[in-house]
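Please look over the sequence and the model shown below before reading on.

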Amino acid sequence: MRTHARAVVIGGGVVGVSTLYHLARKGWSDAVLVERKELTSGSTWHAAGLLPLFNLSYSVGQIHKYSVRLYKTLERETGQHVGLREVTNIRLACTADRLDEYKYYAGVAATIGVPVKFLSPAEVKEIWPLCNVEGVIGAIQHPEDGYIQPADLTQALAKGARAGGAEIYRQTAVTAILATPAGEWLVRTDKGDIVCEHVISATGSFARKTGEMVGLDVPVLPVQHQYIVTEPHPAIEERRRRGFPEMGVLRESDASYYMREENAGLLLGPYEVGAPACYVDGPSADAEYELFPDDLDRLAPHIEAAIARVPAFGEVGIKKVYNGAIAYTPDGSPIIGPAWGVRNFWLNEGHSFGVTAAGGAGWQLAEWIVEGEPSIDMMGVDPRRFGSYASQGYLREKNEEAYAKVFTVHYPDEERPAARPLKQSPCYSRMKALGAVFGTVYGWERPNWFAPPGYGLDEADLKKPDVLLNENHAPAAPGERPREKWSFRRSNYFEHRHVHEKVGLLDMTAFAKFEVSGPGAEAWLERTLTNRVPKAVGRIALSYLLSKNGGVRSEFTVFREGEQRFYLVSAGALERHDRDYLLKLCPSDGSVTIECVTTQNGVLVLAGPRARDLLERVTDADLSNASFPWLSGKMIDVGAARSRALRVNFVGELGWELHHPIEMQTHIFDRLMAAGREFDLKPFGIRAMDSLRLEKSYRLIPRELSIEYAALESALDRFVRLDNRDFLGRAALLDWQKRGFRNRLVTMEVHGITDTDARGSEPVYRGGELVGRCTSGGYGWRLGKSLALAMVPPELAQTGTELELVILGERRKASVIPESPFDPKNERLRA
Ligand SMILES: Cc1cc2nc3c(=O)[nH]c(=O)nc-3n(C[C@H](O)[C@H](O)[C@H](O)COP(=O)(O)OP(=O)(O)OC[C@H]3O[C@@H](n4cnc5c(N)ncnc54)[C@H](O)[C@@H]3O)c2cc1C
C-alpha cells in the first residue's frame, strides 16, 4: 500500500470508484481508493440499476446525462461488460398537472440536450402491451434511458481507473483522518497510513461517520427502499421467445412506483410514504451486502396500483424482496463538492440515484479537484446548501419526506411541511396572524404571501380532478383551510400592487450577514470582489465574488460602516456557501476578521412610495435625499431600537432595509405597523418580491448568475470594475472576453399568453433553432406584461429581436426589451 498519494477516495461503491476513475482520467495516476470490505458491498450491489434521466434540476440533469453517455462507451474502453440495456423509459401521466410537469421538464431537457418524446396512451400500449392505459392521459419517453448492472459498472470503472495508474485497496477501513501540520491529510487505515493532499468521502450510508472524523456534520441519512422481483410471467417469456424487444422501464408517477422486466418476470420499486430512516447512528463495523427484513404491508397500496396498471404483476409469485439503505439529503439531491470549514476535503455523498449520478458526479468532482472549478453549475448539489440547522432530527424528518415525495408533482412553488416551523424570526407569529403563507429558505420560515382574512380554497377547487392524486395545495394547519393552490400556470396569490402604490413590509431576516473588519479589510475586499469598495463611510456598493474562471459565485451588498469596518449581505440560501468562500479567501495574518452575524440581525424591508413618510414617523433621523441618498446607509433609531438602515432594496421602489438586533425585531415591527396605519402599510412576501425584481431585471444566483456564465455575459458591466485593479477571476474574465462571449443576459416580453408564464429553464428558439435558455420568468404586475430573463447569443441581444420561448409545450413569441423595463432610470429608488 502506498504511504503517499495525491488523493485518497474513501468508499468503493459506484460513486467512489467513478471519482477515482475520473481523477485517473485527468492524469492523477497517484490517486488511490480505500474500501473497508469489497467493492459495491454498500448500497451499490442491490441497486435496481435504473438510469432515470428525468430530473428538474439543471445541475443534476447534466450529471445524469453525462453518466448515461459515459456508460455507453465504458464497455468498449475497458473490455468489462456493464450490462447496459437501453430499453427506454416511459413515465405515465394521469392528471393534467402531471402532464404540465412533463412539459416543463421537456423544456429543461431541451436546454440540457436530453431527448424526450411525448406518447399518447395508444403508443404506450403499443410499447407496453401488458399495461392497462385506462386513465392515462399521456406519457413521456426517454429514448436513451434504461438500466445497467451496478456491480459490473463499478468493476468497469475500477478497471478504467487502474488502467490510468490509480490503485484500489479492498478490505481496508479508514479509521481516522487527521490534518498534518504541513496542511496535508493523514488517512489512517487498519492497514497503515496514507498522507495525501485531497480526501474524497464517498462512503454512502457511512457519510456521517466519515464526516465526524474531521468534525463535519454531513447532512446525509439513509432511508429504507424496497423493490420486489417476481417469478417469470408466461406472457413475458413468450415475448422473449418471439424475439420482441424488452418493454422498457415503466414509471407510474401518480402511483409512485417504477417497474421493469427482470429475467422474464417483473421488478417493482415503490416510493412509499412511511419508509423509515435507517442506520441513524451509522451501519455497524461489519455491515456488508446488508439488507433489512422486507415490509410488504408498507408497499400494499402501490402493489395494488401496480396490479391495476399491469395485471400481469399480480399473476405471478414474488421471488425476492430487496430492502436496502438508500442515502438521502433533505432535498433529495446529492451533495457533491467541497466540504465547508476544511480545505481539500471533498464530499460525493447523499446519492439516492447513485448509479445514475455516479458518472457525472465523478466527472464534475474530479474537475473541481484537479482544475479548481467544475464546468457546470453545481449549486443544486453543493454540500454547503444546508447549514448547521440540519441536525440528525431534521435529517430524519426531511429525508423521509424527500423519499416519500420522489414521485409527487414538483410544482415550482411547492413547499414541503416536514420539520417546520424550524427557524422563526421574532415577528413570525405576528405575520402569521396577518395571514402569512410561509415558505422556507435555509431552514427559515419566510412569508411567501399574505392571504386576506378568511381566505381559503373552497371544496370545488380542492375537488378538481387534478387534485385527486396530487397534493397541489399548501398543507394547512389543523382547522385551517388550504390557501394556496400550486400549479405550473399562474396561481392564486397577489399583493404586488400595494408595494407600488403605497408601502409594504417584507421580512428578510434570512439574509446571510457578515461583519468584515481590520486594517487589511478594505484592501482584501478590493482584491476579492469585482466592484470598487465604497470609499466614503456610509456608502453601499453591489459587488460580486467570481469563480477563478470569471463566472459568478456570489453577490454581496457591501456597506462601509467605518474606515476599517464593512457589513456584507448576501443570499440567505447561500449562507454556509458564502461564509466558506469568504473564510477560505481571508488572509491568515490577522489583518482581516470575518464574523457571520446572520442570527444576530433581523431584517425588515420597508418599500413603496410612502416608505419615507412612514419611517419618518418612527425615527428622528433625517431621511431626506440630501442626507440619506440611494445606496447609502446609517445607524438610525426606529422607536427605541437601534438599526442599520440601508437605502437599497430588490423591488425597485423607494425603501430601506432595516437590519436590527434580532431581539428588538418585534419592537420595530410593532412601531412600523402602528405608524403604518395612516399609510395603509401591508406586509408582503417573497413571491411579490420575485415579480417586482423581474421588472427591474435584477439577477439571482444560480439563475442569471452562475459559474457557467462570465460575469459580463450576465450583464454585470456596471459592477465589475476592470480598470487598474486586480481581483479574483479578473484575468480569466479578460481571457474569456478575448475568446468571445457566447451569451448575453436579456429581458424579454412574452406575447399572447394569458394563463402561464416562463419559470426559468425554458428553451429559447430563433427560427426553429435552439439558441438559449430562459433563467427566470413571471408576470410583471406593474407593467402588466409576462416577462422572462434569458441567456442568448450576444448577436441576438439587441432590443427588438424577435425570439420564441417554449412554455409548457407551447411556442410563444417573445421580444427582447431594454433592461429594467420598469423605471429604467431608477427614479423611484432615488425619489
Ligand atoms: C433497493 C434499492 C434500489 C436502488 N435502485 C437504484 C437504481 O435503480 N438506480 C440508481 O441510480 N440508484 C439506485 N439505488 C441507489 C443506489 O444504490 C445508491 O445511490 C448508490 O449505490 C450509492 O453508491 P455509493 O458509492 O454512494 O455508496 P455505497 O455503494 O454504499 O458505497 C459506499 C462504500 O463506502 C465504504 N466505506 C464506508 N466507510 C468506509 C471507511 N471508513 N473506510 C473504507 N470504506 C468505507 C462502504 O463499505 C461502501 O462500500 C437503489 C438503492 C436501493 C436501496
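What follows goes through these topics one by one.

This is a predicted model, in which local features need pLDDT of at least 70 and side-chain atom pairs count only at pLDDT 80 or more, while totals for chains, interfaces and linings use all residues. Residues are numbered from 1 along each chain as its sequence is written, and side-chain values use heavy atoms, with hydrogens and water left out.

**Ligand site**

- The ligand has 36 residues around it, of which Glu 35, Thr 44, Leu 50, His 351 and Thr 356 come nearest; a residue is counted here if one of its heavy atoms lies within 4 Å of the molecule.
- By residue class, the shell around the ligand divides into 16 nonpolar, 18 polar and 2 charged residues, where Ala, Val, Leu, Ile, Met, Phe, Trp, Tyr, Cys and Pro count as nonpolar, Asp, Glu, Lys and Arg as charged, and the others, Gly among them, as polar.
- In the side chain of Arg 36, an N or O atom is 2.9 Å from an oxygen atom of the ligand, a polar contact being a pair of N or O atoms within 3.5 Å.
- The backbone also takes part: an N or O atom of the Gly 49 backbone lies 3.0 Å from a ligand oxygen atom, and a polar backbone atom of His 351 is 2.7 Å from an oxygen atom of the ligand.
- Taken alone the ligand exposes 1000 Å², of which the protein buries 97%, with accessible areas computed by the Shrake-Rupley method with a 1.4 Å probe.
- Two or more residues of the shell come from each of helix H1 (14-25), strand E10 (223-230), strand E14 (318-326) and helix H9 (354-371); helices (H or I, at least four residues) and strands (E, at least two) are DSSP runs, numbered from the N terminus.

**Helix packing**

- H1 packs with helix H5 (residues 150-163) at an angle of about 25°, their axes being 8 Å apart, and the two are therefore roughly parallel to each other, a term for angles under 35 degrees.
- Helix H2 (residues 58-78) packs with H5 at an angle of about 60°, with the axes 10 Å apart, and this pair is therefore oblique.

**Backbone geometry**

- The peptide bond from Arg 420 to Pro 421 is cis, with omega near -10°, and Pro 421 has its place in the loop between helix H10 (392-404) and helix H11 (428-433).
- Ile 701 and Pro 702 are joined by a cis peptide bond with omega about 0°, and Pro 702 lies in the loop between helix H19 (686-695) and helix H20 (730-739).
- Although Asp 680 is not a glycine, its phi is positive, at about 60°.

Conventions. A polar contact is a pair of N or O atoms within 3.5 Å; within protein, one must be able to donate a hydrogen and the other to accept it, and residues adjacent in sequence count only if both atoms are side-chain atoms. Axes are lines fitted to C-alpha atoms, for helices over the stretch in contact, and angles run from 0 to 180 degrees between N-to-C directions. Angles under 35 degrees count as roughly parallel, over 145 as roughly antiparallel, 65 to 115 as roughly perpendicular and the rest as oblique.
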